[in-house]
Amino acid sequence: MAEEYIVEMRHITKRFPGIVANDDVTIQVRKGEIYALLGENGAGKSTLMSMLFGMYEPDEGEIYIRGEKVKLESPNHATRLNIGMVHQHFKLVSNYTVAENIVMGMEPVKKMLGFLPVVDLKKANSEIQALSEKYGLAVNPTDVIENINVSTQQRVEILKMLYREAEILIFDEPTAVLTPQEIDFLLEIIKGLRDNGKTIILITHKLEEIKRIADRCAILNRGKLIDVLNVADTSTKTMANLMVGREVSFETEKKPAGFGDTVLEVSGLNVYNKQNFHVVRDVSFQIRAGEILAIAGVAGNGQVEIADAIAGLMPVRSGKILLNGEDITDMPIRERTLKGISYIPEDRQNYGVVMDFTLSENLALKNYFKEPFCKKGMLNRRAFEENSGRLIEKYDIRSGQGSSTVVRSMSGGNQQKAIVGREIELASPFMIFVQPTRGLDIGAIENIHRQMIAERDKGRAILLISLELDEIMDCADTIAVIYNGEIQKIAPADTLTANQVGEFMMGVNKKQAVNGKGGRGE
Amino acid sequence: MKPDRKQGNQPETRPERESAGRAHRFWNAVKIPILAILISLVAAGVIIAVTGSNPFKAYYALLQGSGLAPKSSYANYKSMLTDFLSYVNYFTPMIFAALAVAVALRAGLFNIGVSGQMLAAGFTATVLVGYSHLNAVAAKPLVLLIGMAVGGLAGALVGFLKYRFNINEVVSTIMLNYIFQYVVSFMINTYYVDPVSRQSKEVSPASRLTLMDTPVGNLKIDIPLGILAALLAVVLVWILFDRTKLGYELKAVGFSRSAARYAGIRVGKCMVLSMTISGVLAGLAGVTYYLGYMGSIQPKVLLNTGFDAIAVSLLGSNNPFGIIFSTMLISLIGKGSTYMRSAAGVDTEIASVITGMILLFSACSAYFRYRMERKKRDKEQTVKEEK
């Protein structure tokens, strides 16, 4: 059995406090294939691969590389065995150039004045140029990371592995941050790598991608290996059912919308960020009661700044924001909250909660200054407890010590539940949801979508900002697509296909977009 | 995903868990300072033994010198009580100073300027009240009020510079320390110097916050009135952070400025306010020192109190009640050192060595705690990322 498999992980078990991340998992990967690991968030895919990349040691089980038993001690060790990994969150130094990032740690060195060792950047640049041409990964070695887009950054990560002569390439959810068009391009790159003899392990929860490029697919559920399938002989429906462990519906239940009066009106909004870049350009839209307006766009195109400007966290250069007809453009944050804005921010740990506060303190973060929490400047601790007890129950927020748990010690999903619960409880006529389901598992995602739609049905106006196209297509009544700070298109959701939205996200103009094929998922 | 965790939310188990959580938190808060103290006492004991003295005798002498253990004999008009009260008199300013540091730290600011604020407050009160002919009933409250006002203004200035011009409070407080130090010594040397002592002229007994050499029975006692204010301040600071809206806001700002702003808290206002409160407390430290313990001001000298207070506050885990204990401990060593020299033959410098070691270890332990927490957090984070 030895030579046939380039990677074998046998009977791997890994436990973390309170959870078995991998439970007796065995996978065998052949040289030169694309092997997909499919599973929900929390199924243990990343843990398994982290062990292959030397970041954790398995509690039980053995790892064989090229038929030889190895004990991977560190990512450096894994790199020496020609294993490379592209992480979900890129590990790049943002003010270094592409070339500097790629060679970092194994820089070509020349001797200055015959003895002083310095990094030979010229050589690095030319090496990387050659490498990028060989694999069709277009990058400019002298570009600075912070000036290039996400998909280029990802190519830099891939080149980083190839520069280290990786033969076994692990991709951790590589398409999560990309537009449909960029995804197509990446999948082609991955195929190309396989055709060049590399072995690819692809972590994903997107069935469509697996169907398109993977040869075989291992399905994990709650840490256990469910099955290993030949992708060609299996339908995506079967894979989905195995992955979730039950019959799944691809659609979110949603009643037809009934729109009321305009709640939020944004007109001619211009926002500059701290570096004085013009990040929101002349944006106008309206949201009616009972409507979910979703802003689709690739990360960093100004959508978060729109949310921050409406919530008052970012100053508006020009334009107007009207809430129920009242001008709130220059109102302090607290007053806007009181006028009726709920805001679930993108960065939940830096904005949404005070991490070192207890759960009960966090659940009152938006109304601690009102009765019953506060009378004449003095806090009523009992009111905090009662409020948090109620919300914990209602929104199923799980934590070690209930109300007195420090939020930092809670899982990201439960932190998010706490934020969502708190903001919904404000019963504001207007709610902003930014990336509300990022990093959550399918159950939690369904739950949050259901709550959001329930709020819509109660007649709230909702602004949804998401990088997940599926989420937008599932939930939105109206879709606005943003590119480079400008709204490219606003239209009722049922008049747009995912592909069209994807093309607007790339800044492609309207005429071309109409030709885009319809459909998403299957 | 984690059914085992859910039990924590069921009502019947919640109260126990919470009290267990409280005990746990208390233990977490005290274990590292206690460890730091024990380690440094052992280490200092070794040093004392090496210099040829008996460490136990030396430590006991510290207690005797501070009036916490009886001496073998007392001079006229002296007893254990007079020793103890003079020890209280000695540590009162430190309680205020450490509270000043703690209040700023809770809001995420580092007040290194406590010494300068003490000097400014002490000097102003000395000139305005200490050299006046006001009677005691008017003078003493006035001294406290002036101390609070001047300290508060000095603190507010720092907070304002931070809020308005984003000037780092560490830099501005250090610079203000120099300014206060030299302006005050110029004023003293020019107008208020006592030609014999080369210090500022002594303040009037009426304005003094410590009743010096008060005959009680056959004793002459220094009665430190400031300690009452200090204990009151401890309670008030505790109430501020545990029970008030303002305290909630200050803590939120201290933990996370971005989240506080998101919650609609006016971060700038909170920073100015916390520095003001910190300054008020520093001002009280100043008047209880210069118009209580000392009675005069030595020009060109900036007290160590404001800097030691940082470590004292850390040793007390920035908790107002913890600060009482850490203040008493650190002051015990300083106050008892003279007697330790005469009784146990250990040089007073050794006392500074012990103090230094406790502070060093407690500072290190803050680092260890940070490392421990970060390690724990990293672990949680990676576990979280799995999901």
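Biologist: Is the crossing of α2(B) and α12(B) left-handed or right-handed?

Modeller: The crossing of α2(B) and α12(B) is right-handed. Helices here are DSSP runs of H or I, at least four residues, and strands are runs of E, at least two, numbered from the N terminus.

Biologist: What are the ground rules?

Modeller: This is a predicted model: local features need pLDDT of at least 70, side-chain atom pairs count only at pLDDT 80 or more, and totals for chains, interfaces and linings use all residues. Residues are numbered from 1 along each chain as its sequence is written, chains are lettered from A and ligands numbered from 1 in the order in which they are written, and side-chain values use heavy atoms, with hydrogens and water left out.

Biologist: Back to that pair. At what angle do α2 and α12 of chain B pack?

Modeller: About 120°, with the axes 7 Å apart. α2 covers residues 55-65 and α12 covers residues 320-344. Axes are lines fitted to C-alpha atoms, for helices over the stretch in contact, and angles run from 0 to 180 degrees between N-to-C directions.

Biologist: What does that make α2(B) relative to α12(B)?

Modeller: Oblique. Under 35 degrees is roughly parallel, over 145 roughly antiparallel, 65 to 115 roughly perpendicular, and the rest oblique.

Biologist: Which residues make the contact?

Modeller: From α2(B), they include B:Lys57, B:Ala61 and B:Leu62. From α12(B), B:Leu332, B:Tyr339 and B:Met340 are among them. Contact means heavy atoms within 4.5 Å.

Biologist: How do the residues of that contact divide?

Modeller: Ten nonpolar, four polar and two charged. Nonpolar covers Ala, Val, Leu, Ile, Met, Phe, Trp, Tyr, Cys and Pro; charged covers Asp, Glu, Lys and Arg; the others, Gly among them, are polar.

Biologist: Now α4(B) and α10(B). How do they cross?

Modeller: At roughly 55°, and the axes come within 7 Å. Here α4 is residues 114-130 and α10 is residues 267-294. They are therefore oblique to each other. α4(B) passes α10(B) in a right-handed crossing. The contact includes B:Met118, B:Gly122 and B:Ala125 of α4(B), and B:Gly279, B:Gly283 and B:Tyr290 of α10(B).

Biologist: And how do the residues of this contact of α4(B) with α10(B) divide?

Modeller: Eleven nonpolar, seven polar and no charged.

Biologist: Zoom out. How many helices and strands in chain B?

Modeller: 13 helices and two strands. Of its 387 residues, 50% count as buried. Buried means under 20% relative accessible area, exposed over 50%, partly exposed in between, with a 1.4 Å probe and protein chains only. Among contacts in chain B between residues at least 6 apart in sequence, 73% join residues at least 24 apart.

Biologist: What about chain A?

Modeller: Chain A has 18 helices and 24 strands. Buried residues are 55% of its 522. The C-alpha trace spans about 70 × 55 × 45 Å along its principal axes.

Biologist: Which residues does a cis peptide bond join in chain A?

Modeller: A:Glu371 and A:Pro372, with omega about 5°. A:Pro372 lies in the loop between α12 (359-363) and β19 (374-375) of chain A.

Biologist: Is A:Lys45 buried or exposed?

Modeller: Buried, at 4% relative accessibility. A:Lys45 sits in helix α1 (residues 45-52) of chain A. Leaving out residues up to four places away in sequence, A:Lys45 touches A:Glu40, A:Glu173 and A:His205, among others.

Biologist: Where is B:Asn318?

Modeller: In the loop between α11 (305-315) and α12 of chain B. B:Asn318 has a positive phi of about 55°, although it is not a glycine. B:Asn318 is buried, with a relative accessible area of 18%.

Biologist: What is phi of B:Asp213?

Modeller: Near 45°, a positive value in a residue other than glycine. B:Asp213 is in strand β1 (residues 210-216) of chain B. B:Asp213 is partly exposed, with a relative accessible area of 45%.

Technical notes. Left-handed = near helix turned anticlockwise from the far one by under 90°.
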